[in-house]
Amino acid sequence: MITGMLKREIKLSYRRKADLANPLLFFLMMIVLFPLGVTPNTDKLSVIAPGLVWVAGLLSTLLSLDMMFRDDYEDGSLEQMLLAAAPAEMLVTAKIIAHWLMTGLPLTLVSPFLALSLAMPERAIPALIISLGLGTLTFSLIGSVGAALTVGLRKGGLLLSLLVMPLFIPILIFGASAVTAAATEFPYQAQLAYVGAICLGALAIVPWITTMALKVSVSE
Amino acid sequence: MWTWFHKWGSPKWFYDMSKPWSFWLGLLSIITLSVGVVWGLAFAPSDYQMGNSYRIIFVHVPAAFSAQSIYMGMAVLGIIGFVWKMKMSFMMAKVLAPIGCSLAILAFITGAIWGAPTWGTPWVWDARIISVLVMVLLYFGVIAIHYVIDNQTNADKAAAVLTILGTINIPIIKYSVEWWNTLHQPSSIKLTEKPAMPPEMFIPLFIMIFGFYFFIGYLSLVRGRAELLERERRAGWVKDEIKAQAEKY
């Protein structure tokens, strides 16, 4: 059932390539802006590179959250999913994972190149990929609650950011500090473990909360 | 006991009972807050390290303390609302949000005033301060939900979902000073242990904390009554009440 849902989601988003490219392009443009706005000096850039990539990744995910349930809400299929015999929590989990596959994963795969362009040391690349991969999945998970709460609103974008941004902060702190630690040759396993723990905790709790929030939004 | 508790879930009974309750809570808060302020600012001994600048503790600690309790209270009210379908409990969560938000901001302001002379800076990015900042942002989120979502029932439920999710942050705030090496000091008062300060200091502090709670109780009942009248404006007893009030003047 999850695989069926995943296939549907991937097929749908593959047909709408603009939505697929949007967060990636935003990510790219943010990374380009920082050397131009702050400094092109590679010594200074390499110090702030982990934080920049992480903040850019957070904001790009935030940008893409609004579309997670929007289309299904507007054409009514979301209501059918909640009414279906299959547990709605499973379908919601599949939708969240699909959202990550379409936004977080490509972003993670592109991030090493952008990080290297910001003069981040090569030894930090593994830490960057693992932490950003887990981190964007956690963003998709926690963000799905905000997306579910605001799906019924015409202009939910700003409210969505306000709702989920505070909950993103701990992930940003641990994720970015893991990469910084790796870049400066310190052990980074502890920070990575925190990101992983938050991710698993969210995976265990979020589908139920998101389903509850979707039911509230759909009942409008 | 339980029937008494259940009665608060009835709008009419809430409206009738909250009047004497808010009066006594208001009176109590005036007494405790004035005793606490005078005792704390004028009679409590000064600190051997911080001198008189520590006296802002009598506002800072109660404000930070009660801002967190209000958040937890809102989450409990949200759970009660979901489990027992009590709309009054959602309503109280709504009226509590701006109070808790203001108190958290008050804790920031007093903290900055306190930090400037003692830490040498009004603001640091330390774990306690960031986690309280997260709580303030969550408060803003809850308040924003009520502004943006027009349907009252849906706004109540959406705000409750966000509040419940955000309670993850509360233990982080509490233990941030123990888990991480922060500039913010660990708490000087604990419920289970003897306070790390002499009684001349902590008795006025406790009076202030109780004063803040009485004041919050008073304020939330007054706000709750106003909110209730607006929500139940179509109910017969509200119309009778308004008619009775209009005849009085």
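From the N terminus on, the elements of chain B run α-α-α-α-α-α-α-α-α. Chain B thus named has nine helices and zero strands; helices (H or I, at least four residues) and strands (E, at least two) are DSSP runs, numbered from the N terminus. The model is predicted: local features need pLDDT of at least 70, side-chain atom pairs count only at pLDDT 80 or more, and totals for chains, interfaces and linings use all residues. Residues are numbered from 1 along each chain as its sequence is written, chains are lettered from A and ligands numbered from 1 in the order in which they are written, and side-chain values use heavy atoms, with hydrogens and water left out.

The C-alpha trace of chain B spans about 60 × 35 × 35 Å along its principal axes. Of the 249 residues in chain B, 48% are buried. Buried means under 20% relative accessible area, exposed over 50%, and partly exposed in between (1.4 Å probe, protein chains only).

Chain B meets chain A through 20 residues of chain B and 17 residues of chain A. Contact means heavy atoms within 4.5 Å. The two chains bury about 1800 Å² between them, and 87% of this lies on carbon and sulfur atoms. Buried area is the accessible area (1.4 Å probe) that two parts lose on being put together, summed over both. In chain B, B:Asn154, B:Val161 and B:Leu165 lose the most area to chain A, together 30% of what that side buries. Zero salt bridges are found across this interface. A salt bridge is a side-chain nitrogen of Lys or Arg within 4 Å of a carboxyl oxygen of Asp or Glu.

Over all chains, the whole structure holds twelve salt bridges. One joins A:Asp72 and A:Arg8 (3.1 Å, N to O). A:Asp72 lies in helix 4 (residues 67–74) of chain A and A:Arg8 in helix 1 (residues 2–15) of chain A, so the pair ties together parts that are 64 residues apart in sequence. A:Asp72 is buried, at 6% relative accessible area. A:Arg8 is partly exposed, at 28%. Both residues belong to a network of salt bridges that also links A:Glu9 and A:Lys95.

In chain B, B:Glu227 forms a salt bridge with B:Lys94, the closest N and O atoms being 3.0 Å apart. B:Glu227 sits in helix 8 (residues 199–231) and B:Lys94 in helix 4 (residues 87–118) of chain B, 133 residues apart. B:Glu227 is buried, with a relative accessible area of 12%.
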